[in-house]
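I opened my notebook today to look around a protein chain. Come along and keep the picture beside you while you read.

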Amino acid sequence: MANNIGVGELKPNKKVILKNYVNGFPKESDMEIVRTETVRLKVAEGSKAVLLKNLYLSCDPYMRNRMSKHEEANYVPDFVPGSPISGFGVAKVLDSGHPDFKVGDYVWGITGWEEYSLVTSPETLFKIKDTDIPLSYYTGLLGMPGVTAYAGFYKVCSPKKGETVFVSAASGAVGQLVGQFAKLMGCYVVGSAGSDEKVNLLKKKFGFDEAFNYKKEKDLNAALKRCFPEGIDIYFENVGGEMLDAVLLNMRNHGRIAACGMISQYNLDKPEGVHNLMFVVTKRLRIEGFNAYDYFPIYDQFFQKTVPYIKEGKITYVEDVVEGLENAPAALIGLLSGRNVGKQVVVVARE
């Protein structure tokens, strides 16, 4: 990459690469920090590329999917062993050949897990218009997870005031926002999480009506019946497996399930089956899978609705921040094992 960029200062460019494709649960050792690469801080003459200095990187559950080799095309491309991992991040424009991006602009979008990235298709980047809000929020609350929460709740679930809403993995980047959107709409909201600390966060910080630690529940069906004696209207699905099976038993007629992710299945060699699917028929349920990419065209709509909530203190957000690109592999593995509390962010540089 460095040889063809053109004249400009030559800088070291530390990177995180995937060493080999992963089977089962990934390990930090599946990734490697490479410190020998360099980059010229200049875009080639006539190019429409954008050169970025990466500031914040997002750890997201879907990235586990990209660490394995898929025989059939995946909805996002597999990582390439020996090349930098990529994902959503926040960056500053150092040089640009694209008319929409100027030197000094802040952007969010797909970038590399490296100190500097040359983005040859900058159409995938969003210019950050409001820098009064912490820039790291554009990896989560105002980035891809935020769009996911907004689209899944408002567009897929078609919620109504007073409905009952259940969110699994509720303290994560997406779940914490779904719960707050639902509360602002006047819904009854329950969340599940994997520790007492996270349960406390859901109830005291995010305003969920009730929450439970799924690891302490011997019977998920009983836990849901306790929280939803009259059933669930909307389920925001982040987990799959046993949780989905229990939810199907407790859905109300004509309930809606927005299938955002199924993190319980990502590290299994053989996915678990779901046994209660007949209730989709008998209860006339609607299950719809969705992808945030499909809703990026309505980003401005999401932004205009969400920013006032943030500035008025009606929405709050919790981040789990790790300093240093060299600590990114541990942060990603921690996310996949549930160690993070809130949105997992890696700081590459503060500015």
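Before I start, one definition: helices and strands here are DSSP runs, numbered from the N terminus, and a strand needs at least two residues. I also note that this is a predicted model.

**Entry 1: a residue in a strand**

I looked up His 254 and found it in strand S14. Its phi is positive, about 65 degrees, although His 254 is not a glycine. Is His 254 buried, exposed or partly exposed? I read a relative accessibility of 49% for His 254, so it counts as partly exposed.

Next I went to Ser 158. This residue is not a glycine either, yet its phi is positive, at about 45 degrees. Where does Ser 158 sit? I found Ser 158 in a loop, with helix H2 (144-156) on one side and strand S10 (164-167) on the other. Because its relative accessible area is 37%, I wrote down Ser 158 as partly exposed.

**Entry 2: a loop residue and its contacts**

Then I turned to Val 274. I placed Val 274 in the loop that runs between strand S14 (251-259) and helix H7 (278-282). Its relative accessibility is 28%, so Val 274 counts as partly exposed. Buried would need a value under 20%.

Which residues does Val 274 touch, leaving out those up to four places away in sequence? I noted Leu 244, Asp 245 and Leu 248. I also checked Gly 240, which is 34 residues from Val 274 along the chain. The C-alpha atoms of Val 274 and Gly 240 are separated by 8.5 Å.

**Entry 3: two domains**

Finally I stepped back to the whole chain. The domain assignment gives domain 1 as 9-139 + 319-347 and domain 2 as 144-293. For the contact, I counted 20 residues from domain 1 and 14 residues from domain 2. The C-alpha centres of the two domains lie 29 Å apart.

How much area do domain 1 and domain 2 bury between them? The value is about 1400 Å², and 62% of it is on carbon and sulfur atoms. On the side of domain 1 that touches domain 2, I listed 11 nonpolar, six polar and three charged residues.

I then searched across this interface for salt bridges, and the rule finds zero. For polar contact, the rule finds two residue pairs between domain 1 and domain 2, both at pLDDT 80 or more.

Terms used. Residues are numbered from 1 along each chain as its sequence is written. This is a predicted model: local features need pLDDT of at least 70, side-chain atom pairs count only at pLDDT 80 or more; totals for chains, interfaces and linings use all residues. Side-chain values use heavy atoms; hydrogens and water are left out. Domain bounds come from an automatic or database domain assignment. Contact means heavy atoms within 4.5 Å. Buried area is the accessible area (1.4 Å probe) that two parts lose on being put together, summed over both. A salt bridge is a side-chain nitrogen of Lys or Arg within 4 Å of a carboxyl oxygen of Asp or Glu. A polar contact is a pair of N or O atoms within 3.5 Å; within protein, one must be able to donate a hydrogen and the other to accept it, and residues adjacent in sequence count only if both atoms are side-chain atoms. Ala, Val, Leu, Ile, Met, Phe, Trp, Tyr, Cys and Pro count as nonpolar, Asp, Glu, Lys and Arg as charged, and the others, Gly among them, as polar. Helices (H or I, at least four residues) and strands (E, at least two) are DSSP runs, numbered from the N terminus. Buried means under 20% relative accessible area, exposed over 50%, partly exposed in between (1.4 Å probe, protein chains only).
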